[in-house]
Amino acid sequence: MATLEKRGEWWTIRWTEPKPEGEEGRRWRRHRVRTRRQAEKLRIEIEDAVRLEGAWVPAAERPQATRLTDIIEAFLEHSERSNAPSTTLRKRQMLKLLVRHLGADTPVDHLSYEVLGQFHAWLKDPETGRHVHGRGPETCRKVIGEVELLWRWAAQRQARGQFRGVPTPDSLDLQRAAAPEAQAPTWAEMDACIHAAQGWQQRLYIVLRCTGLRVGQAMGLRWDDLDLETGVLRFRGELGKTKHERRGRRQPLAPVLLERLLDWEQRSEWVIECPRKERVARARDAARAWHRAGIPEEKWAQPHHAFRKGWATGLQLAGVDKEAIEYMQGHQVGHLTGLASSRDRYLDPRALPLVEAVGQVPPIALMLPLGHPPDRKNKDSSITIDLDGGGP
């Protein structure tokens, strides 16, 4: 047990430690600090160090702590072994925010509960967001959760001798925000967004609207994945988000999409030709298309995922088999009934009415001419959809 004593302007902490190996008994040690607050904090640190390690070493004499950036790179390398590339990319983007906040040369021993709180406040500040847009509570929670996961992983690796200076992990215990009521766009509303899109993104939204794929999966499609003669999509396991999806699958293409694909020129290996080096579709571009189409925002709170919701909802309303929808979305067959493990293991996908299901995807509606041409410069321009029209 360490004791405190004040002499003049200094506070002295006194404690005992076991003598060096080969000597019996204990030896007295002491350390001086300026304030009582420092002394109280140091006394706890000393007592913990003596109890766990047998001795306390001043910070100036300890081995230098591992840099935070080095731990992040090791963590991302570990992530690549078990996660999809898109997941590792998302982790990298989140952890880059921590480096941006603390600095590239920050040692890992700088992490603390207080630092997590300061980082959370920094994330919520609109000045730190892209284009001076504040981050939502759920986004901030996910970023903090990723930092806490990194911290726990580093502590485990430190116990194996890989890192130095990793403090005991802590957590802000942020609560998950309540999920809003699910609202999905209709086929006509998705068609309006497609017509309001520009350039290569129009092709992307057509694929999303007709397949129910996630945006990263659609961007990763290659022409080799499509058998245009038989109308079959081969979903490569590397595009999967979950362990189940990484098995891969085969599913028929909707006739309306197959007709479009046969008309598209194959200029590269990718179905969606993106001029960006990272081949990333930005959510804000999709949000602008939904806005130009005049669709209520509650139906596209997740601009790309809204197509996935609209596809599943539209097929469900058309009476399509639920398990066929689940299979084509990459979910475990039968998981809604609680029999996922047995059905997924023994049910051959050929038993599902997949061809009938994709046949219910309606053609993309034509845009009716308005009284005057839509003003491309006005983001509030409305778009009228001919619900009875076929695909152009």
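The model is predicted: local features need pLDDT of at least 70, side-chain atom pairs count only at pLDDT 80 or more, and totals for chains, interfaces and linings use all residues. Residues are numbered from 1 along each chain as its sequence is written, and side-chain values use heavy atoms, with hydrogens and water left out.

pLDDT is the predictor's confidence in each residue, from 0 to 100. Its average over the chain is 85, and 88% of the residues score at least 70. Residues 368-392 have pLDDT below 50, yet this stretch has 42 contacts (heavy atoms within 4.5 Å) beyond near neighbours in sequence.

Helices here are DSSP runs (H or I, at least four residues), numbered from the N terminus. Helix α5 has 23 residues and spans 33 Å from its first C-alpha to its last, close to the 33 Å expected (1.5 Å times one less than its number of residues). Its buried residues (under 20% relative accessible area, 1.4 Å probe, protein chains only) include Arg141, Glu146, Glu148, Trp151 and Trp153. Among the elements covering them are the helices tabulated here.

| Element covering α5 | Residues |
|---|---|
| α2 | 68-82 |
| α3 | 85-102 |
| α4 | 113-124 |

Just after α5, glycine 161 has a positive phi of about 90°.

The axes (lines fitted to C-alpha atoms over the stretch in contact, with angles from 0 to 180 degrees between N-to-C directions) of α6 (residues 187-196) and α7 (residues 200-211) come within 9 Å and cross at roughly 165°. The two helices are therefore roughly antiparallel (angles over 145 degrees). Residues in the contact include Trp187 and Met190 of α6, and Tyr205 and Arg209 of α7.

How values were computed:
Buried < 20%, exposed > 50% of the residue type's maximum accessible area, 1.4 Å probe, protein only. Parallel < 35°, antiparallel > 145°, perpendicular 65-115°, else oblique.
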